[in-house]
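Biologist: I am new to this structure. Please show me how to read its features, one at a time.

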Amino acid sequence: MTGRERLYATKLSKMIQCETVSEPGVENADKFGRFHELLRELFPNVFSKCEVVHIGQSLLIKLKGKESPNNNAEAKKGEPILLMSHQDVVPADGDWKHPPFSGHIDENGRVWGRGTVDTKASLMCIFQSLEETIEEGFEPNVDVYIASSSTEEVCGEGAPNTVKYLQEHGVRLQLLMDEGGMIVDSPMAGINGSFAMIGVLEKGHGNIRITAHSNGGHASAPAKGSPIARIAAFVDELERHDPNKAKMNPTVIEMFRRLGPYAKGAFGFILRHAGFFSPLLSKVLPKISPAGAAMIKTTMAFTMCEGSKAENVLPETAWLNINTRFIQHQGIEETERILEPLCRKHGLEMTFNDCRAPQKPVDYKGDAFKLVEQTVHEIYPKTVPTPYVMTGGTDAYHYWPVTDNAIRFAPLAINSQQLGSIHGLDENIDASSLPGGVDFYKAVIRKAN
């Protein structure tokens with residue numbers, strides 16, 4: 001490892017060792033307080049030169065930018081930027097190669113532990129970028145914020161309350177960067193190269209509860225059409241005849257257009273001309289790629305189901321949960337309209353819970369995206385930047401009241417194993433990816449106007 005790699009890996013290792021598993025409805029003040037003290041030790045310039053606001057156990061940090069005169073020689077500030085990465089992590093069960101909160105650094109320069117990818121590596125890079133910016137004496141043109149929620153993994157109030165604080169103080173952001181896409185090789189089979197997957201579109205999400213009722217009874221004399229049987233028929237029909245409409249959107253078309261030159265033959269030709277071939281891709285993509293399908297349609301995953309509490313009793317009530325991710329062209333109301341006849345057919349009730357609508361995409365032709373795109377070219381000259389659809393949820397979703405440019409992108413290079421380790425076993429990241437992440441955030445801070 002180089003000196004920078006070792007320095008950054010050591011800081012990340014210490015952050016991993018400070019366990020910050022979040023729990024629904026629990027503040028864990030002591031746990032996150034220890035983590036905040038560690039951050040103060042690792043990044044002393046940030047905490048001595050910046051304004052630090054505690055919002056519950058979440059952090060909002062502000063480095064003041066310089067003022068520039070307008071044509072009337074009046075002091076005027078440009079809109080701030082906000083760099084964001086959450087501090088909480090999910091539990092780490094199972095048998096790990098290295099203990100999940102050891103922060104082990106192996107002989108190949110990999111840092112192991114829960115949160116290395118999701119998202120303490122990017123959080124370390126953000127803090128380190130501001131630490132070095134201050135140390136170098138650079139004064140940014142605009143205010144620079146760091147936001148770090150303690151409740152992202154449990155869909156808690158950290159991010160929403162931070163947004164309320166910004167609104168109350170009249171803050172409007174020209175750019176927000178949160179977790180999302182990363183730098184990967186071969187994002188699809190048949191496509192070779194290095195690609196920065198810059199998330200500009202986030203789907204909505206929610207849960208749909210399907211409920212069936214009956215008079216119950218003893219299992220020794222079962223009648224037809226029990227609650228479980230009706231739910232099973234409903235699930236079978238959805239599996240065989242998916243009513244959710246697949247439709248190519250501008251983000252996916254542009255993504256394919258940029259990936260196309262790195263694919264050979266007819267496949268590359270189709271991708272390069274994805275706009276023309278949209279009807280074909282809308283039909284074919286859901287059949288060959290679940291990940292591809294998720295970028296162009298509302299998805300429904302059957303995640304929980306319950307019937308009787310006893311082995312020999314027919315349930316009076318059975319229910320099914322459908323975890324749903326809403327695409328922009330088929331939101332909550334349209335999904336309800338599609339499912340209602342199917343529920344009526346099988347004698348079922350339907351309830352939508354904890355739903356949030358899909359958001360307007362960030363304009364990949366706009367200034368904010370171009371700033372990120374130009375920085376990719378600068379820091380990773382062999383990497384192709386491309387807009388990308390976020391199929392999962394992020395804290396950035398809550399920030400729409402204060403910005404039109406919430407970009408979901410962590411500028412770190414990871415491989416397929418590391419990507420698959422998110423929320424799974426053996427989460428790890430290469431120390432060699434960390435200097436690029438720090439340099440990327442520093443460049444964004446310097447470019448913002």
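Biologist: Let us take ring pairs. How many aromatic pairs does a search of the whole structure find?

Modeller: Rings of Phe, Tyr and Trp (its six-membered ring) pair if their centres lie within 6.5 Å; planes under 30 degrees apart count as stacked, over 60 as edge-to-face and the rest as tilted. Searching the whole structure gives seven aromatic pairs. Before we go on: this is a predicted model, where local features need pLDDT of at least 70, side-chain atom pairs count only at pLDDT 80 or more, and totals for chains, interfaces and linings use all residues. Residues are numbered from 1 along each chain as its sequence is written, and side-chain values use heavy atoms, with hydrogens and water left out.

Biologist: How is the aromatic pair of Phe-47 and Phe-127 arranged?

Modeller: Phe-47 and Phe-127 are stacked, at 6.0 Å centre to centre with 5 degrees between the planes. Helices (H or I, at least four residues) and strands (E, at least two) are DSSP runs, numbered from the N terminus. Phe-47 belongs to helix H3 (residues 44-49) and Phe-127 to helix H4, so this pair ties together parts 80 residues apart in sequence. Ring pairs also link Phe-43, Phe-47 and Phe-127 into a cluster.

Biologist: Is Phe-127 buried or exposed?

Modeller: Buried means under 20% relative accessible area, exposed over 50%, partly exposed in between (1.4 Å probe, protein chains only). Phe-127 has 0% relative accessibility, so it counts as buried. Phe-47 is buried too, with a relative accessible area of 11%.

Biologist: Why is the pair of Phe-440 and Tyr-441 edge-to-face?

Modeller: Look at the angle. The planes of Phe-440 and Tyr-441 stand at 85 degrees, with ring centres 6.3 Å apart, so the pair is edge-to-face. Phe-440 and Tyr-441 are both buried.

Biologist: Next, the core. Which residues have the most contacts inside the largest nonpolar core?

Modeller: A nonpolar core is a set of buried Ala, Val, Leu, Ile, Met, Phe, Trp, Tyr and Cys residues joined through side-chain atoms within 4.5 Å. The largest one here has 83 residues, and Phe-256 and Phe-409 have the most contacts inside it. Helix H4 (residues 116-135) supplies the largest share of this core, nine residues. There is also a second, separate core of 17 residues, including Met-84 and Tyr-145.

Biologist: What is Phe-256 in contact with?

Modeller: Contact means heavy atoms within 4.5 Å. Setting aside neighbours within four places in sequence, the contacts of Phe-256 include Met-188, Met-248, Leu-271 and Arg-272.

Biologist: How many residues of helix H7 are buried?

Modeller: Helix H7 (residues 250-259) is mostly covered, with seven of its 10 residues buried.

Biologist: How is His-54 placed relative to Thr-162?

Modeller: His-54 and Thr-162 are 108 residues apart along the chain, and their C-alpha atoms are separated by 9.3 Å. His-54 lies in strand S1 (residues 51-55). At 43% relative accessibility, His-54 is partly exposed. Not counting residues up to four places away in sequence, His-54 touches His-36, Arg-40 and Leu-59.

Biologist: Last, the backbone. Where is a cis peptide bond?

Modeller: Most residues other than glycine have a negative phi, and most peptide bonds are trans. Here a cis peptide bond joins Asp-118 and Thr-119, with omega about -5 degrees. Thr-119 is in helix H4.

Biologist: What is the phi of Asn-28?

Modeller: Asn-28 has a positive phi, near 50 degrees, and is not a glycine. Asn-28 sits in the loop between helix H1 (3-17) and helix H2 (29-42). Its relative accessibility is 16%, so Asn-28 counts as buried. Ser-186 also has a positive phi, of about 50 degrees. At 36% relative accessibility, Ser-186 is partly exposed.
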